[in-house]
Amino acid sequence: MTDTRARTAAPSAGCTTELVTDEAHFADLAPQWSRLHARCEAATPFQSHAWLHAWWRSYGTRGRLRLVLARDGRDLVAAAPLTLVRRPVPALVPLGGAISDYGDVLLDDERGPDAVAALTEGLSRAARTALVDLREVRPGAAAERVYERWRGPRRRLADSLCLELPALPMDELVARLPSAKARQRVRAQLRRLDSLGVKSRTVLPDEVDAALGRLLELHRLQWQGRKVTGEHLKPRFRDHLVRAVRPMVYAGDAVVTEFRMDDEVVAVDVTLLSARLAGGYLYGAHPRLRERRADVAVMLLDACAGHTRQPGRGTLSLLRGNEPYKHHWRPDPVSNQRLLLARRRTAPLLAAALGDAAARRRGKALLRRPERKEGDGGGGT
């Protein structure tokens with residue numbers, strides 16, 4: 001594939017920008033990308049090179065890679081990992097797709113406004129014939145700084161809901177529960193797990209691949225006969241997870257935990273880590289745990305809370321989804337954002353995207369509306 005790396009000077013203290021479309025060059029960027037990821041405090045694990053490059057290998061469409069990079073000399077100071085889509089309108093959207101809970105750009109915090117200006121200028125040039133559509137942007141994300149600097153048409157919409165807890169030890173999370181009965185129930189479940197002999201163990205880096213295989217098999221077992229996210233059962237997802245998580249464990253961006261009972265692995269969990277948050281991404285649990293009346297949610301939260309002790313890591317994220325069991329812990333609802341950026345010439349694409357978003361919202365509202373019983377209201381004769 002031809003590598004498109006058109007370098008142009010940006011109005012930001014000598015920074016240059018480039019557009020990279022070559023997959024091999026994306027792979028070679030790993031060391032520089034990792035240094036930039038570490039210098040962007042707002043970054044989540046879903047912006048790590050390991051996660052994004054693994055996603056591209058499993059889900060990317062050949063010829064549509066669009067990496068907007070900004071450099072100060074040789075130093076990579078900003079990056080927007082994007083791919084081109086054609087529907088519903090031509091748009092540049094974040095790598096990571098639907099299997100990633102947060103989308104964002106990367107900005108070197110030490111470069112301040114210079115990095116923001118350079119990346120914004122690079123994005124504007126890359127978006128000559130396409131909308132920039134940044135999905136699942138967490139409040140406080142680096143992309144908000146680009147949005148504020150953008151000079152063309154722009155709109156901010158609500159995206160998926162995430163639920164978040166403060167990064168506290170398990171006993172303090174239990175103390176936050178709203179009633180004595182709820183607190184007693186969780187403490188009883190913790191004692192139950194202990195009496196069953198459930199023990200957790202952090203998986204070593206060279207054991208990660210085998211542990212992920214067990215996780216996906218247990219995930220399949222736990223959802224057998226019930227509605228499940230079908231993507232998690234596909235080979236391409238398995239390939240992505242193995243390619244991404246192993247290097248992330250080595251880098252400290254992920255931890256894999258095994259849970260054993262009677263010397264048998266009965267559950268495996270993947271928790272993703274960044275400077276600000278820890279979030280349980282995916283787990284698999286043997287049905288035998290529930291048969292033995294073990295509360296899997298309590299078991300997993302107890303393990304995840306142990307990964308939030310790093311200074312500055314203030315959030316234990318339950319990630320996307322508004323499932324009722326999460327609300328037992330009194331989490332804070334935090335809505336991700338969708339940031340739409342256009343140039344004057346692509347303003348019609350922004351209008352079309354807004355129309356599509358409104359139509360989808362109306363469709364979801366209709367699906368949620370209770371079905372009217374015959375004879376309820378109306379002006380029939």
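The mean pLDDT of this predicted chain is 91, and 93% of its residues reach 70 or more; pLDDT is the predictor's confidence in each residue, on a scale from 0 to 100. Residues are numbered from 1 along each chain as its sequence is written, and because the model is predicted, local features need pLDDT of at least 70 and side-chain atom pairs count only at pLDDT 80 or more, whereas totals for chains, interfaces and linings use all residues. Side-chain values use heavy atoms, with hydrogens and water left out.

**Stop 1**

Select residues 371–381. Here pLDDT stays under 50, and the model has two contacts for this segment beyond four places in sequence; contact means heavy atoms within 4.5 Å. Where pLDDT is low, the predicted coordinates should not be read in detail.

**Stop 2: the nonpolar cores**

Next, select Leu119, Val245, Val256 and Tyr281, which have the most contacts inside the largest nonpolar core, a set of 78 residues. A nonpolar core is a set of buried Ala, Val, Leu, Ile, Met, Phe, Trp, Tyr and Cys residues joined through side-chain atoms within 4.5 Å. Buried means under 20% relative accessible area, exposed means over 50%, and partly exposed lies in between, with a 1.4 Å probe and protein chains only.

Centre the view on Leu119. Neighbours within four places in sequence aside, Leu119 is in contact with Val68, Ala70, Ala78, Ala79, Ala80, Val105, Leu106, Leu107 and Val146. A second, separate core has 28 residues, including Leu163, Leu196, Ala285 and Leu300.

**Stop 3: helix α3 and His53**

Select residues 49–59, which form helix α3; 10 of its 11 residues are buried. Helices (H or I, at least four residues) and strands (E, at least two) are DSSP runs, numbered from the N terminus. The buried residues of α3 include Trp51, Trp55, Trp56 and Tyr59.

His53 is found in this helix, α3, and is buried, with a relative accessible area of 16%. Not counting residues up to four places away in sequence, His53 touches Glu23, Phe26 and Ala27.

**Stop 4: helix α9 and its partners**

Keep α3 in view and show α9. The two helices pack at an angle of about 160°, with their axes 8 Å apart, which makes α3 roughly antiparallel to α9. Axes are lines fitted to C-alpha atoms, for helices over the stretch in contact, and angles run from 0 to 180 degrees between N-to-C directions. Angles under 35 degrees count as roughly parallel, over 145 as roughly antiparallel, 65 to 115 as roughly perpendicular and the rest as oblique.

α3 passes α9 in a right-handed crossing; a crossing is left-handed if the near helix is turned anticlockwise from the far one by less than a right angle, and right-handed if clockwise. Among the residues that meet are Trp51, Trp55 and Tyr59 in α3 and Phe237, His240 and Met248 in α9.

The contact includes Val208, Leu212 and Leu216 of α8 and Phe237, Leu241, Val245 and Val249 of α9.

**Stop 5: helices α7 and α11**

Select residues 180–195 (α7) and 296–305 (α11), whose axes come within 10 Å and cross at roughly 85°. That makes α7 roughly perpendicular to α11. Val186, Gln189, Leu190 and Leu193 of α7 make the contact with Val298, Met299 and Asp302 of α11.

**Stop 6: loops to inspect**

Select Ala127, in the loop between α4 (113–126) and β7 (131–137). Ala127 is buried, with a relative accessible area of 0%. Ala127 and Ala342 are 215 residues apart in sequence, yet 7.3 Å apart in space, C-alpha to C-alpha.

Most residues other than glycine have a negative phi, and most peptide bonds are trans. Arg87 and Pro88 are joined by a cis peptide bond, with omega about 0°; Pro88 lies in the loop between β4 (75–85) and β5 (91–94).

Asp263, in the loop between β10 (254–261) and β11 (264–273), has a positive phi of about 65° and is exposed, with a relative accessible area of 74%. Finish at Arg330, in the loop between α12 (324–327) and β14 (332–341): its phi is positive, about 55°, and Arg330 is partly exposed, with a relative accessible area of 43%.
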